[in-house]
Amino acid sequence: MPQPPARVPGHLPSRIPVVVVGAGQAGLAAAHELVHRGLVPGTDFLILDADTGPGGAWQHRWDSLTLGRAHGIADLPGLKMERPDPQIPASRLVADYYRRYEETFSLRVVRPVRVISVHDTGDTGGADGDSHSGELELTVLCGGNGDSGDSGNEAGGICGTLRTRILVNATGTWTHPYIPYVPGIADFTGRQLHTVDYVRSEDFAGQKVLVVGGGLSAVQFLLELNRPGSARETVWATRRPPNFTRTDFDQRWGYGVEQRVREATFNGRRPASVVRNTGIPHALTTWMRWIRGSWCPTACSAESPPTPPRGAHPPTVP
């Protein structure tokens, strides 16, 4: 049975062979591969991004997060990022880098566009070999001021549909963080927040803070929370000992991480956590011994290690 025509706002096509959802690191890398294979942005594929500008999730991170201490970012294919200035917020640096990337490869990202739903049209094409068989239909919301109500519509947005044969989901998890259930948390009277809610270390002045997780964000929080005027004491809780590594974080390291994840996925195994695959730069271990607080595999207390020498700063990660 013939399908009704797609309804789309004026600046979107009704059909396009490939749609990439998300213009963060994964979405831009996927778009580069499509260009490498001869597809033309805007004609053969479309990138839809819910944000109003480039930067992916990085543009929403806290201002004190910089590149070169605990955090770094892998270069996108085809365009290296200039050595980051550790004095400039990572949110600005990465947004500028992604903007240059989009312009360099003329990726023509369409924003702000939020994909509300995706469903199979159910059209198999029949005997006539319909070229539109096997399509997916996307319901999208274009524009809007980002104020989502209970109805799921954003004020000022224009809703429509478009169809594609191939959908690349590169939305990430920043807007849908995973918060594990911890027995007793319902009775906890203190403040609990996720990485996405963190703003500044001064918000925890004079408090005892438990940092849960063994990744680089946890390391970044511990380094910040032990500055003068911040937390009174910190405790670091992880499921297993932190995965410090002496491996150079170079291209060979990146290929190794990708190979391990690919091998586990292709063999039906659940990939290890991000930090299990990437590791934490060993250069940070000396500084971590200086922070006021303790590390434990479960939430516990211990004597504070010595304070850092006067004028000491965390090592820079290459």
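**Notebook: a look through the predicted model**

I started with burial: 37% of the 318 residues in the protein are buried (under 20% relative accessible area; exposed is over 50%, partly exposed in between, with a 1.4 Å probe and protein chains only). This is a predicted model, where local features need pLDDT of at least 70, side-chain atom pairs count only at pLDDT 80 or more, and totals for chains, interfaces and linings use all residues. Residues are numbered from 1 along each chain as its sequence is written, and side-chain values use heavy atoms, leaving out hydrogens and water.

**Confidence**

I checked pLDDT, the predictor's confidence in each residue from 0 to 100. The protein averages 78, with 75% of its residues at 70 or more. Strand β1 (residues 18-21) has the highest mean, 97, and strand β11 (residues 293-296) the lowest, 49. Residues 297-318 have pLDDT below 50, and that stretch makes 46 contacts beyond near neighbours in sequence (contact: heavy atoms within 4.5 Å).

**Fold**

I counted six helices and eleven strands (DSSP runs: H or I of at least four residues for helices, E of at least two for strands, numbered from the N terminus). Of the contacts with a separation of 6 or more, 68% join residues 24 or more positions apart.

**Cysteines**

I looked for disulfides (two cysteine sulfur atoms within 2.5 Å) and found zero.
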